[in-house]
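Me: Hi! Could you go through this structure with me? I have a few quick questions.

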Amino acid sequence: MTGRTGFLRRFLKMRASSAGLVMLAAIVVASLGAGLVASASPDEINLDAALEHPSVHHPFGTDPFGRDVLSRVVHGARVSLGVGFLARTISLIVGLFFGALAGYFGGRVDSILMRLADITFAYPTLLLLIAIIAVVSPGIVALFVTLGVVGWASVARLVRAQVLSVKEREFVQAARASGAGHATLLIKHILPQCLAPVLVVYTLGLGGTIMAEASLSFLGLGVQPPAPSWGAMISGGIAFMRTAPWLSFFPGLFLTVTVCSLNIVGDGLRDALDPRLGRAVARPGSLADGMRPVAAIGRGR
């Protein structure tokens, strides 16, 4: 309990991370209660109210079909956050499994799995996603499965490095000497010691996954109409930037705030979980800390 309390205290001392957590929580709550935030249906067409400016009845204005932009933005948050969390969870599970196998067994298993990771890293992520989505039918299921499969390599690399370090420690050697099997050593003794940096990478990767979903939807390869998506809404509003800038501005604003909040929270988690990286505690308002590379997570371990 003392360690958990210390972690929370260090995290809450960082004003930027606390503010990011509040903004992220507000967006999640708004998406879950989308029907309360915006009473209008996101798919209700009313051509008589097409392209209305933001007003009391339509705080974010309306689109060319008269649909309420606020309603589509908050319902689109469900899609973006849902796809992001599902895809990143798939990446976490696959990367955790392959990274643990590579780090624990080494040898040929390590070589094969890390060469697969190298192949994944060799291609630009967005181009690889476009290539895969072009083969399968675009849709929400294909989107989060593809994003999850493509994103496993970075998690696997981190888990492998952590396992290589932890498996040589005395308590693991003692468990092995007492007759513990491979599964027991990995699940009970090694992997729990690797979860802190993995949690940080998971949080930081959420922002990139949401951006990837928005990019694919922007190109028409992600969530298909009439389902609301931030990327598709930004793409649809480009033609009206001079006459109706709110069509792209509000979904772009929510996308920016969400991704920035996730990055700030992830940075705060890293510094709170490892006090040796706690420079953000001494400078709680510094946003420059968010630019430190993720590789610093494992430094000094």
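Me: Which side chain does the side chain of E213 make a polar contact with?
Reply: The side chain of S80, at 3.3 Å. A polar contact here is a pair of N or O atoms within 3.5 Å, where one must be able to donate a hydrogen and the other to accept it, and residues adjacent in sequence count only if both atoms are side-chain atoms. Do note that this is a predicted model, where local features need pLDDT of at least 70, side-chain atom pairs count only at pLDDT 80 or more, and totals for chains, interfaces and linings use all residues. Residues are numbered from 1 along each chain, and side-chain values use heavy atoms, leaving out hydrogens and water.

Me: And where is E213 placed?
Reply: E213 is in helix α11, which covers residues 195-218. Helices are DSSP runs of H or I with at least four residues, numbered from the N terminus.

Me: Where's the kink in α11 centred?
Reply: On G205, with a bend of about 25 degrees. That is the angle between axes fitted to the seven residues ending there and the seven starting there.

Me: What comes just after α11?
Reply: G220, which takes a positive phi of about 85 degrees.

Me: Switching to cysteines: is C194 buried or exposed?
Reply: C194 is buried, at 0% relative accessible area. C260 is partly exposed, at 41%.

Definitions and conventions: Helix = DSSP H or I, 4+ residues; strand = E, 2+ residues; numbered from the N terminus. Expected span 1.5 Å × (residues − 1). Buried < 20%, exposed > 50% of the residue type's maximum accessible area, 1.4 Å probe, protein only.
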